[in-house]
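The stops below are given in the order in which they may be selected.

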Amino acid sequence: MAKTPERNDARRGHKWRPDKGVSRGPGGRPGGRPRGRGDGIPDDWIWGWHAVEAALANPRREAPERLLATPERARQIEARFGRQAHLDIADNQKIAQSLPQGAVHQGVALRGAPLEDWALSDFAPERGAVLLMLDQVTDPQNVGAILRSAAAFGAAGVVLQDRHAPKLTGALAKAAAGAVDKVATAHVVNLARALDELTTAGWRAVGLAGEGGRPLAEVLDGAPTVLVLGSEGEGLRRLVAEHCDELAKIPMPGDFESLNVSAAAAVALYEAARPR
């Protein structure tokens, strides 16, 4: 992946604990309501129309604990999903006050229980099936964009680390534009062991790396494949790479050495989706 380090402003782990400190109002002035992550605002909100719409449509989700919407968005929600017990009508400013500073909420936000994980055994190794596995890809925007590409190209799912992966809410869910609720995701403690389990079940593991021997197009043969992508700064870790059946590269004839990890995922998924 890229030579430059990836932004690492994501949550580390699954449990979030608010920091103690002085709450600040709009503009950072002391004495107002909390404004930022880590100073009192929960990190389990989803915002943006496509993200909230997909969450409400997902039968695997429990009913939201809170649902904030402008009058116009509330009419859209009730026209599609019926009356919502936890729907509160609010103006844009009030919605923004419940979210991290700078959240582009588009007049709607939802807070609820996290999605239940899929198990690795849920992914059937059928011909043409593709899974993505992310090795320490921590930037929410990148993971959100990867989930969006996974939905667009019909990936069977995405495997993430239990730690060193951002939560599937907030900016990630907004970047995914609803794909969080359309793509199956699994969290595992150890990627190397997960690769062993998947290959035993019939999957073939292909790691993407600049030092890969063959171009990805030559490596893909229609067999059920796990595409493993590393972080932009470090690439695949040694142990993860060693548990791949083969390392492949994306040829780049232009005068540039690398792609953003989400762009690389999109290219790889496109290539894997081509008939073989």
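The secondary structure of the protein chain consists of 9 helices and 11 strands; helices (H or I, at least four residues) and strands (E, at least two) are DSSP runs, numbered from the N terminus. This is a predicted model, in which local features need pLDDT of at least 70 and side-chain atom pairs count only at pLDDT 80 or more, while totals for chains, interfaces and linings use all residues. Residues are numbered from 1 along each chain as its sequence is written, and side-chain values use heavy atoms, with hydrogens and water left out.

Colour the chain by accessibility. Of its 276 residues, 49% are buried, where buried means under 20% relative accessible area, exposed over 50%, and partly exposed in between (1.4 Å probe, protein chains only). Contact here means heavy atoms within 4.5 Å. Among contacts between residues at least 6 apart in sequence, 75% join residues at least 24 apart.

**First stop: helix H1**

Select residues 49–57, which form helix H1. Because 7 of its 9 residues are buried, H1 is largely enclosed by the rest of the structure. The buried residues are Trp49, Ala51, Val52, Glu53, Ala54, Ala55 and Leu56. Their packing partners are strand S1 (45–47), S2, H2, strand S4 (108–111) and helix H5 (170–176).

By class, the contact holds 5 nonpolar, 1 polar and 3 charged residues; Ala, Val, Leu, Ile, Met, Phe, Trp, Tyr, Cys and Pro count as nonpolar, Asp, Glu, Lys and Arg as charged, and the others, Gly among them, as polar.

**Second stop: Ala69**

Move to Ala69 in strand S2, residues 66–69. With 0% relative accessibility, Ala69 counts as buried. Leaving aside neighbours within four places in sequence, Ala69 is in contact with Ala74, Ile77, Leu87, Asp88, Ile89, Ala90, Ile95, Gly107 and Val108. A distance may be drawn to Trp47, 22 residues away along the chain: the two C-alpha atoms are separated by 10.0 Å.

Which residues have the most contacts inside the largest nonpolar core? Select Leu147 and Leu227, which hold that position in a core of 47 residues. A nonpolar core is a set of buried Ala, Val, Leu, Ile, Met, Phe, Trp, Tyr and Cys residues joined through side-chain atoms within 4.5 Å. Helix H9 (residues 261–273) gives the most to this core, with 6 residues. Another core lies apart from it, with 21 residues, including Val159, Val228, Leu236 and Ala241.

Beyond four places in sequence, Leu147 touches Val158, Leu168, Leu172, Ala176, Ala179, Val180, Val183 and Thr185. Val158 itself is found in strand S6, residues 157–161, and is buried, with a relative accessible area of 1%. Its C-alpha lies 10.0 Å from that of Phe123, 35 residues away in sequence.

Select helix H4 (residues 140–152) together with H9; the pair packs at an angle of about 10°, with axes 8 Å apart. H4 is thus roughly parallel to H9, and the crossing is right-handed. Asn142, Ala145, Ile146, Ser149 and Ala150 of H4 make the contact with Val261, Ser262, Ala265, Ala266 and Leu269 of H9. This contact has 7 nonpolar, 3 polar and no charged residues.

**Last stop: two backbone angles**

Finally, select Gln136, in the loop between strand S5 (130–135) and H4. Its phi is near 55°, a positive value in a residue other than glycine, and Gln136 is partly exposed at 26% relative accessible area. Then select Ala177, in the loop between H5 and strand S7 (185–188). Phi of Ala177 is near 55°, again positive in a residue other than glycine, and Ala177 is partly exposed at 22%.

Note on methods. Axes are lines fitted to C-alpha atoms, for helices over the stretch in contact, and angles run from 0 to 180 degrees between N-to-C directions. Angles under 35 degrees count as roughly parallel, over 145 as roughly antiparallel, 65 to 115 as roughly perpendicular and the rest as oblique. A crossing is left-handed if the near helix is turned anticlockwise from the far one by less than a right angle, and right-handed if clockwise.
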